[in-house]
Amino acid sequence: MKYSIFSLARNAVSFHRDWPLAWRSPAPKSHYDVVIIGGGGHGLATAYYLAKEHGITNVAVLEKHRIGGGNTGCDTTIVRSNYYLTANARFYEHSLRLWEGLSQDLDFNVMFRPRGVLNLAHTHADLENQARRGNAMRLNGIDALALNRPEVASMVPDLDMSPTARHPILGGLLQPRGGTARHDAVVWGYARGADSRGVDIIHDCEVTGIRRDGNRVLGVETTQGFIGAGKVGIAAASHSSVVAGMAGLRLPIESHGLQAMVSEPVKPMLDAVVTSDAVFCCVSQSDKGELVIDGNVDGYNSYAQRGNLPVLERVVGAAVALFPSFSRLRLLRLRGGVMDMSMDGSPIIAKTALDNFYVNCGWCYGGFKATPGSGWCFAHTIAQDRPHELNAAFTLDRYTLGRAIDERGAGPTPWLH
Amino acid sequence: MLLIQCPFCGPRDQVEFSYGGDAGVPRPADPAALSDDKWNAWLNERDNPAGEHDELWQHSMGCRRWIGVRRNTLSHEVVSSWALQPAKTA
Ligand SMILES: Cc1cc2nc3c(=O)[nH]c(=O)nc-3n(C[C@H](O)[C@H](O)[C@H](O)COP(=O)(O)OP(=O)(O)OC[C@H]3O[C@@H](n4cnc5c(N)ncnc54)[C@H](O)[C@@H]3O)c2cc1C
Ligand SMILES: [Zn+2]
């Protein structure tokens, strides 16, 4: 069914009781051409583009709980492509372009709101670094604007720009086309789009084992029985290592906790996404008026889906130092996600050493904005059995070959990326 | 909040410590003799278990010694901790 003003009017007449379900909940078939493990944004987007771009519709997405209940459901939804290294810049820019047309493509309002992503500069070194990154972005065809102090002050009036500010602000780097989107809507939109093209989305179906015959994967053992597969792709984020381990593979991934906090809703006060790399804090205001804040990972391996207090205190302290008016707000919610942190801070979308087994992981802090691009590239990699040029650098063997893509230059210490 | 037992100083709050990563991957004795694959397996690949995990911590705001800690990554329970090198006697 196409959502439109007419379908809305028609359903208003019946008091909105007759809307069809947006996707089915079928029982799994015994065999699929492609099985995707993990029903987060990435898994669902992969299934959608497999069907839409490659005509592969005999596909199942297996999700152990409900779709979108993993990291996709708890992040701060920032969408941007302000990367320095070319491989990342091109990939994330492709993803951003998909975001720009996503609501129309999916016939589902994903509430993408390009209100600008502003990185603050607190030191002269920050300013120089931003000039370098901004120029690199422009060379890659990405929008970037260097703002001076008065421009930052007029764009974000609530920032502490006083001479005694705890973190003095000298300027900033703005990506005007960046912004935020609604996480649930992205999940539901991709689920509905994939389902309407024939993809089976299977809830409450945990993959517990992977059946192999030599170098080939035959299918997956699940809580709903064995499901045969021509090809298997992992999009299990936090549990990438656990699922790859079922096939006997080790990944260059560690799982780390990252928390987001949400305040009580207030009137519009912040019409940009504001981030500071120096104090590791990132703030935006949701459409409902809540301030949404996050910071760095908790700092040690974790699968716990809840954050720790020292990091919470540090991140809130940084937010209040940047925006003194926040000190009056109460936090309503805390959400803890488990990040698939890669060894160089960049993603992996690649074929593994097994013939028909593919992996999509290593999304660190930045996987929400990647959702469309990741699904698009992963679908291409699975369908064609080779990467698209946009994800050709995101291989597993780049670590062996010494071709790490390390924006931060932190080396194989995932908790520092 | 973690309470980590420093073998030298006793139970201390996690904010006194810095994390040093997986302790289950001993540094190869002769790195130059390794193939690229073996070096990569040591440098980058991890078991990353959902459960008990051996890890390195430094008591950076205390005695500054590196210690080993066994901790559960699902419950955050600190199971045990040990000294990596014998304490120097005065
Ligand atoms: C607090 C926080 C803030 C963030 N902020 C941002 C941001 O501002 N911008 C940004 O771009 N990114 C952000 N991210 C990162 C982003 O949320 C993720 O990288 C992205 O949403 C991951 O999507 P996914 O589909 O890969 O993973 P998930 O949504 O986690 O999906 C993986 C799914 O796999 C399922 N699964 C796991 N194991 C199995 C199994 N054995 N069998 C079946 N299913 C299984 C899980 O249940 C889960 O639903 C943030 C993350 C967090 C936690
Ligand atoms: Zn000590």
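**Two chains and a ligand**

The contact (heavy atoms within 4.5 Å) between the two chains takes 27 residues from chain B and 23 residues from chain A. This is a predicted model, in which local features need pLDDT of at least 70, side-chain atom pairs count only at pLDDT 80 or more, and totals for chains, interfaces and linings use all residues. Residues are numbered from 1 along each chain as its sequence is written, chains are lettered from A and ligands numbered from 1 in the order in which they are written, and side-chain values use heavy atoms, with hydrogens and water left out.

The size of an interface is often given as the accessible area lost when the parts come together. Here chain B and chain A bury about 2,200 Å² between them, where buried area is the accessible area (1.4 Å probe) that two parts lose on being put together, summed over both. Carbon and sulfur atoms account for 51% of that area.

Side chains of opposite charge can pair when their charged atoms come close. A salt bridge is taken as a side-chain nitrogen of Lys or Arg within 4 Å of a carboxyl oxygen of Asp or Glu, and two of them cross the interface of chain B and chain A. One joins Arg250(A) to Asp47(B), with 2.9 Å between the closest N and O atoms. Between chain B and chain A, 13 residue pairs are in polar contact, both residues being at pLDDT 80 or more. A polar contact is a pair of N or O atoms within 3.5 Å; within protein, one must be able to donate a hydrogen and the other to accept it, and residues adjacent in sequence count only if both atoms are side-chain atoms.

On chain B, the side that touches chain A draws at least two residues from each of strand E3 (18-22), helix H1 (36-43) and strand E4 (52-58). H1(B) gives the most, with five residues. Helices (H or I, at least four residues) and strands (E, at least two) are DSSP runs, numbered from the N terminus. By type, this side of chain B has eleven nonpolar, ten polar and six charged residues. Ala, Val, Leu, Ile, Met, Phe, Trp, Tyr, Cys and Pro count as nonpolar, Asp, Glu, Lys and Arg as charged, and the others, Gly among them, as polar.

Chain B as a whole has one helix and six strands, in the order β-β-β-α-β-β-β from the N terminus on. Its C-alpha trace spans about 40 × 40 × 15 Å along its principal axes.

Ligand 1 is surrounded by 38 residues, each with a heavy atom within 4 Å of it. The closest are Glu63(A), Thr72(A), Thr76(A), Tyr365(A) and Lys369(A). An N or O atom in the side chain of Glu63(A) is 2.6 Å from an oxygen atom of ligand 1. From the backbone, Lys369(A) places an N or O atom 2.7 Å from a ligand oxygen, and a polar atom of Gly366(A) is 3.1 Å from one. Taken alone, ligand 1 exposes 1,000 Å², and the protein buries 97% of that. The shell around ligand 1 divides into 17 nonpolar, 15 polar and six charged residues.

Helix H10 (367-384) of chain A is among the elements that each supply at least two residues of this shell. Ala383(A) is also in H10. Ala383(A) and Glu53(A) are 330 residues apart in sequence, yet 9.4 Å apart in space, C-alpha to C-alpha.

Definitions and conventions. Accessible areas come from the Shrake-Rupley method with a 1.4 Å probe; for residues, only the protein chains shown count as cover.
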